[in-house]
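Trainee: Could you walk me through how to read a few features of a model like this one? I would like the general idea each time, and then the case in hand.

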Amino acid sequence: MKRVFHLILFLFALQLHSAASGNGMKYRYIYIEAVRQQDMGNYSLAFELFRRCHEMAPRAAETSFELSKLYLAAKQDSLGLVLLKGAVEQEPQNTEYAELLARMYLYRNEVDSAAAVYEGLATLQYDRPEYLHLLARIYEQQRDYSKLLSVLDRMELREGQSEEITLSKMQAYSYMGDQQGAYRELKSLVDAHPNDKNLQVMMGNWLLGNGRKEEAYATFTDVLREEPDNAQGQMSLMDFYRAEGRTQQADSLLYNMLVNPRTDPSTRVTMMRDWVKDSEEKGGDSLRIMQMFDRVLQLPQKTAEVAEMKVAYLMLKKAPKDSIKSGWESVLRITPEYVGARLELIKILWADSIDDKVIDECRKAVEYVPDEPVLYYHLGVAQYVNKRYTEAIESLRRGVANFTKETSASLSADIYVMLGDALYKEKRIEEAYAAYDSCLIYSPDNVVCLNNYAYFLSLDNRELKKAEKMSYRAITAEPNNGTYLDTYAWILYLQQRYEEARIYIDQAIKCELAEDSAAVIAGDILEHAGDIYMKLGHKEEAMDFWNRALKSGVEDEATLRRKINTLK
């Protein structure tokens, strides 16, 4: 719309002057065509047309402006800047031209020139305060505090007195070493708002910072006499006490603020965090800190920040696991929908044993947050570990149903591989393989899926080449994983590649021994070793592996005993 408006004005001006210029109609036609080509993206042609216009009318501001933009876009800043300055000189009232010129000066770090343009714009456009704000930033960066104060005075005249402007003026006076000037500005603001106690506290803080302690103390106590629960006043008085070494009075005031039900919750959180940090840095009494946490948590809590802070402190102090568990339970009483706290509590329960307590906690979690896939994952895992496969399938499918574009690929893959394992346990073979395929879409290198998928294919004695490729990728990613090596060895065995199979089953046993100081190896691995050695004719070694497998425990003990009895 701005382009159209300017074009209309330009054509109107040409019509007025066409009698005085024989080239008027030709110039107008070429200019309109240049604008049209530029709007179509034909910048080279537009450039040539604007250049011809400039040759015909070197003082035409609109052509100089358009041509300058094309030069600037082509990184020919010097030529662009000359034309742009010419446009501004011809039409000093045109703010679009002047704004671009000022931005170019800033881009070239010609700050004084940019400031001069903005000064002109601020005078020309009285109703646009952004020019003064830009000038204030420029003069502040240049550390020209006299000019900065002049601009701030003009801003105050237009916008009225405000805390932001006053603080900027105070800072400028302070940089100039004029503390009396800073004091006058603040006093003027305080006097203008006699009922604003926070401004009075600000005055007290300034007095304290400038060594006028008695006046500062009097200011703080006056504020608290009229508003005993004024948080800013209390915190400033507390800082005053600490600065004076009156630690007992400072701690007493802090305690009163923390336990005062009328203290704003966000203020209480800030104070508690600062106090704990200060206490820790000075080697404070952790028991006293815990007592303060407990006292504060007896008050109604709008957020769980203090409770979570307590848990963090317990963890810092390496408190017993039961204390940390109790801390997370306190957090969840305040915010039962807090997923992070739920996961931390589940992690603690998980470390003891993945039993019904874990399942119950996971169920509570999904009741409070029914659309969070990670919670269904933990519930499904807990149910799977407890051999409740049907329930695990249901939970994991609910997790899949709650996938969103924000759900991470790794979590999606983990849920699908767990779902595949549960489905396979329920003999729903094709559904299990479909789940594994879905997992690999999200995470093609998911080694758990690659191993499990390959192993179950081998148990079904199907697609062994596909299984071999997946299993090989798994052992390449984790070459010291005994379980994965066993899978690969078994797939080779099923393809009658017994010598290769022995190499990998030996590696699997070696890795298992390295992992377990008690030298307890999974019965399935030992049974596979016996089968492989038997095919190679090493009957004594095979018998030894099978007997050890029997002691370790295998899923199909009857079949293993038949092998042993047959060999005997």
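Predicted model: local features only at pLDDT ≥ 70, side-chain atom pairs only at ≥ 80, totals over all residues.

**Reading backbone, helix packing and core**

Trainee: Where is Gln496 found?

Mentor: Gln496 sits in the loop that joins helix H28 (482–494) to helix H29 (498–515).

Trainee: What should I look for in the backbone there?

Mentor: Look at phi. Most residues other than glycine have a negative phi. Gln496 is not a glycine, yet its phi is positive, near 65°.

Trainee: Which residue other than glycine has a positive phi of about 55°?

Mentor: That is Asn461. Asn461 belongs to the loop between helix H26 (447–459) and helix H27 (464–477). With 51% relative accessibility, Asn461 counts as exposed.

Trainee: And what does Lys465 touch, leaving out residues up to four places away in sequence?

Mentor: Lys465, which lies in helix H27, touches Gln495 and Arg497. The C-alpha atoms of Lys465 and Gln495 are 9.0 Å apart, although 30 residues separate the two along the chain. Lys465 is exposed, at 53% relative accessibility.

Trainee: Now to helices. How do I describe a packed pair?

Mentor: Two packed helices are described by the angle between their axes and the distance between the axes. Take helix H21 (residues 356–368) and helix H22 (residues 373–385): the angle is about 155° and the axes are 9 Å apart. Angles over 145 degrees count as roughly antiparallel, and H21 and H22 are therefore roughly antiparallel to each other. Their crossing is left-handed.

Trainee: Which residues make the contact of H21 with H22?

Mentor: From H21 come Val358, Ile359, Cys362, Arg363, Ala365 and Val366; from H22 come Leu375, Tyr376, His378, Leu379, Ala382 and Gln383. By class, nine of the contact residues are nonpolar, two polar and one charged.

Trainee: Are H22 and H24 roughly parallel or roughly antiparallel?

Mentor: H22 packs against H24 at about 30°, with 10 Å between the axes. That angle makes H22 roughly parallel to H24. Here the crossing is left-handed.

Trainee: Which residues in H22 meet H24?

Mentor: Pro373, Val374, Tyr377, Val381 and Tyr384 in H22 meet residues of H24, among them Leu411, Ile415 and Met418. Asp414, Asp421 and Lys425 are also on the H24 side of this contact. Its classes are nine nonpolar, no polar and three charged residues.

Trainee: What about the nonpolar core?

Mentor: In soluble globular proteins, nonpolar side chains tend to be buried together. The largest nonpolar core here has 164 residues, and those touching the most other members are Leu135, Met272, Phe293, Trp328, Tyr433 and Ile505. Helix H24 (residues 409–425) gives the most to this core, with 10 residues. There is also a second, separate core of 15 residues, which includes Ile30, Tyr31, Ala34 and Phe50.

Trainee: What does Ile505 touch, not counting residues up to four places away in sequence?

Mentor: Ile505 touches Asp486, Ala489, Ile525, His528, Ala529, Ile532 and Tyr533.

Trainee: One last item: how exposed is Arg36?

Mentor: Arg36 is partly exposed, with a relative accessible area of 42%. Arg36 is part of helix H2 (residues 24–39). The C-alpha atoms of Arg36 and Ile509 are separated by 78 Å, and the two residues are 473 apart along the chain.

How values were computed:
Residues numbered from 1 in each chain as written. Heavy atoms only, no water. Axes fitted to C-alpha atoms, helices over the stretch in contact; angles between N-to-C directions. Helix = DSSP H or I, 4+ residues; strand = E, 2+ residues; numbered from the N terminus. Parallel < 35°, antiparallel > 145°, perpendicular 65-115°, else oblique. Left-handed = near helix turned anticlockwise from the far one by under 90°. Contact = heavy atoms within 4.5 Å. Nonpolar A, V, L, I, M, F, W, Y, C, P; charged D, E, K, R; others polar. Core = buried A, V, L, I, M, F, W, Y, C linked by side-chain atoms within 4.5 Å. Buried < 20%, exposed > 50% of the residue type's maximum accessible area, 1.4 Å probe, protein only.
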